[in-house]
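Please consider the following note alongside the sequence and the model.

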Amino acid sequence: MGTDSGDGQAQADRAFFAAAEQVLVAGVSASARINPALGRAVLVERGDGPYMIAPGGTKILDFHGGFGASFLGHNHPEIRAGVEAALDMGMVLGPETEHPRRLAEKIVELVPGAELVRYSNSGSEATMSAIRLARAHTGRKKILKFEGHFHGLHELVNFSTHPDPKEPVPGELIKPTIDSEGIPEEFAEFTLVAPWRDLAAVENAFARYPDEIAAVIVEPVNYNSGCLVAEKSYMAAVQQVVGDNGALLIYDEILSGFRTGTDCAQGYYGVTPDVTVLGKAVAGGMPLSVVAGKRGVMETFSPLGGAAHSGTYTGHLLGIMAAIAVLEEITQPGFYDGPDGIMAMAGKLYSGLRDIFARSGIHCRVQGLGARFGMYFGLDPEVEVKEYHVAATHDHALLSRFVSSCFAQGVYFHSYEMALGHHGFGGAHTPAVMEEALARIESACAAM
Ligand SMILES: Cc1ncc(COP(=O)(O)O)c(C=O)c1O
């Protein structure tokens, strides 16, 4: 099945987006809707389960999943039922309903670091609140993040997400790169950047800025650089250093949340952070994010403490009801560990991809943990990629050829300008879907 067969669809898409440029910046609602490997955004009409449906009815197998939000697949009946229940209630009401509490009880039950919960809408909004919480709680100004980790597009964190690869000096901080025009460089004074997996750099940061660092924020699985997984001992050591120095550990689980199990990456590592941020998968595609954490820390939020946190759409019922449905689904027996569960499908997909690349003579390292994964084209298939500066040396041109060839076979992988990007699947990717996907990907590789 070729979505670009005869280039008819590509031409139609280009015509559509050219017209859209009259009213939307660059013809799209967000810059990341453009898939640079394809040279355009793709026009679809709807999503259904693991597929997206293009105009004319072509079914495209989706390994992007709405930037990772559609974890149960598109148009999931139980999420839809939750959303419809929210519509019946009137969507957003000034007073409280029982449902934010119901969801919070479930989050507290499942996520080790969650003792108290607050909501927001996007991931960026949630990391902003988590950092404010940490600053208010500690009375300190600086935060430390890691190179290659992404925490949203706002002024507090939009640094050093995908800089040019440069081998860091062991034990040393990295000068932050500012990822967007319009962010005053003064913001970088509050943000320290360390190389991922370099414990000495974190220790030295605390030695150099004693009593100044409010929080260390991490993507516990660095899916935004493909899939970089740290040793459990490193994650425990980071927690120890952060705690010893009176700072807070923030796990940004917006992408990692629920990919490996209901206890998220923190359960996988056995490390309970002070503050956890959830988004994307938690509401299966509805805009809901969560800031959760230890009681004593979360009580810094107003009105118990002085850190302002509120908003017109905070705790919006559409997201709350969708999330209750998602958590109900993922706590069903076998969702993760059953014969057709997430972990079994992960094994099937990642080993299938490795075999296809080997048979096709394509040099690519596949790394996955749970339901999300990275593909490092041009790097040794047998050598684990551990660090950002290595991940960033991947062969972007080869990645683009792969994405484009797969799309011609009806399989969607997203790509970003020069950055690695991340891929994933979810509860709608059954064994039969995985087999169909691998067959199409094999044809795509043969055609490259
Ligand atoms: C780890 C992580 N944090 C934060 C964000 C920002 O989330 P949002 O796009 O919902 O603002 C993202 C988005 O990709 C993310 O992957």
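Which strands does helix α14 lie across?

1. Helix α14 (residues 431-447) lies across β4 (51-53), β5 and β17, running at about 100° to β5. Helices (H or I, at least four residues) and strands (E, at least two) are DSSP runs, numbered from the N terminus. Angles run from 0 to 180 degrees between the N-to-C directions of axes, which are lines fitted to C-alpha atoms, for helices over the stretch in contact (heavy atoms within 4.5 Å).

2. This is a predicted model, in which local features need pLDDT of at least 70 and side-chain atom pairs pLDDT 80 or more, while totals for chains, interfaces and linings use all residues. Residues are numbered from 1 along each chain as its sequence is written, and side-chain values use heavy atoms, without hydrogens and water.

3. The strands β3-β4-β5-β17, in that order, form an open sheet with mixed pairing; two strands pair if DSSP finds at least two bridges between them. β3 (46-48) and β17 (411-412) each have a single partner strand, so one side of each is left without a neighbour in the sheet.

4. Strand β5 (residues 59-62) runs parallel to β17, and two bridges join them. D62 stands opposite Y412 in β17.
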